[in-house]
Amino acid sequence: MSVDLNELLSGQVFAFMMIFARVGTFFMLMPGIGEPFVLSRARLMIALAVTLLLLPVLEPDLPKQPAAVGTMLHLLVIEMIVGLFFGTFLRFLLSALEEAGHMISMQIGLSNAALFNPAFATQGSLPGAMLSTVAVLLLFSPDMQRMLLGGLVSTYGLFRPGVTPEFGDMAQTLSQTAVKVAMIGLQMAIPFVLIGLLLFVPLGVMNRLMPQLQVLVVAMPLQVGVGLLLFGLTITTMLLFWLRQFESSVHALLP
């Protein structure tokens with residue numbers, strides 16, 4: 001029985017392209033690796049290495065190489081959309097920390113202090129930059145990396161290669177995730193909201209009783225000091241809470 005070497009190689013190249021389309025798009029948005037400060041060459045090398053590792057495992061489940069170029073491009077675009085969807089889903093979960101940082105900065109008097117947030121490559125609040133940077137480091141722990149890469153492989157069970165996904169369900173999932181992100185950010189910032197109420201209510205009463213007292217002069221350093229102290233005491237709890245929400249969201253999405 002003879003084997004056509006050209007046909008075998010072309011099939012391998014097509015399977016590699018199918019896997020790389022999803023994996024490469026995912027690594028463009030993956031938290032930690034898809035950051036703007038990460039070299040594009042490094043992301044490319046990681047995506048190629050992961051594609052080579054997944055090729056023998058996923059190749060039996062891939063569709064046969066189509067004869068028409070248009071059909072092949074259609075299949076590749078579907079894989080890119082799936083990778084884009086999963087990467088965007090993870091980015092939404094990471095943005096919960098920036099939302100919490102904005103709320104915290106407003107409560108502790110640092111809303112006007114902006115800092116470059118490397119996790120989003122934009123100007124952000126000081127607490128948000130701190131939370132996002134530490135969260136990216138936590139995502140590089142062995143257990144979290146195993147979960148993220150395992151989640152990428154699990155997308156092949158949720159979105160079969162060559163089958164057009166339900167774009168309406170994907171959009172609904174992202175919209176529900178956006179709402180969940182806002183709730184997570186609010187839950188993380190609740191202690192600071194309560195502290196703000198407990199701090200400003202007495203200061204408001206003092207201002208009514210002693211109009212000559214410069215409440216703003218007294219309140220600003222007290223607000224910043226108490227806020228930073230509370231932030232230092234609760235940052236570990238906030239990050240652990242976010243990690244639990246992150247893991248549960250990923251497990252709820254994927255089979």
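Colleague: Before we start, what do buried, exposed and partly exposed mean here?

Modeller: Buried means under 20% relative accessible area, exposed means over 50%, and partly exposed lies in between, with a 1.4 Å probe and protein chains only. At 0% relative accessibility, Ala189 therefore counts as buried.

Colleague: What kind of model is this?

Modeller: This is a predicted model, in which local features need pLDDT of at least 70 and side-chain atom pairs count only at pLDDT 80 or more, while totals for chains, interfaces and linings use all residues. Residues are numbered from 1 along each chain as its sequence is written, and side-chain values use heavy atoms, with hydrogens and water left out.

Colleague: Where is Ala189, and what does it touch?

Modeller: Ala189 is found in helix H6; helices (H or I, at least four residues) and strands (E, at least two) are DSSP runs, numbered from the N terminus. Apart from neighbours within four places in sequence, Ala189 is in contact (heavy atoms within 4.5 Å) with Ala100, Met103 and Ile104. Ala189 and Met103 are 86 residues apart in sequence, yet their C-alpha atoms are 6.2 Å apart in space.

Colleague: How many helices and strands does the protein chain have?

Modeller: There are 7 helices and 2 strands, in the sequence pattern α-α-α-β-β-α-α-α-α.

Colleague: Which residues have the most contacts inside the largest nonpolar core?

Modeller: They are Val23, Leu90, Leu131, Met188, Trp242 and Phe246, in a core of 61 residues. Helices H1 (5-29), H2 (40-58), H3 (69-107), H4 (126-139), H5 (142-158), H6 (167-209) and H7 (215-253) each supply at least two residues of this core. The largest share, 14 residues, comes from H3. A nonpolar core is a set of buried Ala, Val, Leu, Ile, Met, Phe, Trp, Tyr and Cys residues joined through side-chain atoms within 4.5 Å.

Colleague: And what does Met188 touch?

Modeller: Not counting residues up to four places away in sequence, Met188 touches Leu97, Ala100, Leu131, Met238, Phe241 and Trp242.

Colleague: Changing topic, how many salt bridges are there?

Modeller: A search of the whole structure finds 1 salt bridge (a side-chain nitrogen of Lys or Arg within 4 Å of a carboxyl oxygen of Asp or Glu). Arg22 pairs with Glu79, and the closest N and O atoms are 2.9 Å apart. The pair links distant parts of the chain, since Arg22 lies in helix H1 and Glu79 in helix H3, 57 residues apart.

Colleague: Are those two residues buried or exposed?

Modeller: Arg22 is buried, with a relative accessible area of 0%, and Glu79 is buried, also with 0%.

Colleague: Where does H5 bend?

Modeller: H5 bends by about 25° at Leu152, the bend being the angle between axes fitted to the seven residues ending there and the seven starting there. Leu152 is one of the buried residues of H5, which also include Met144, Gln145 and Tyr156.
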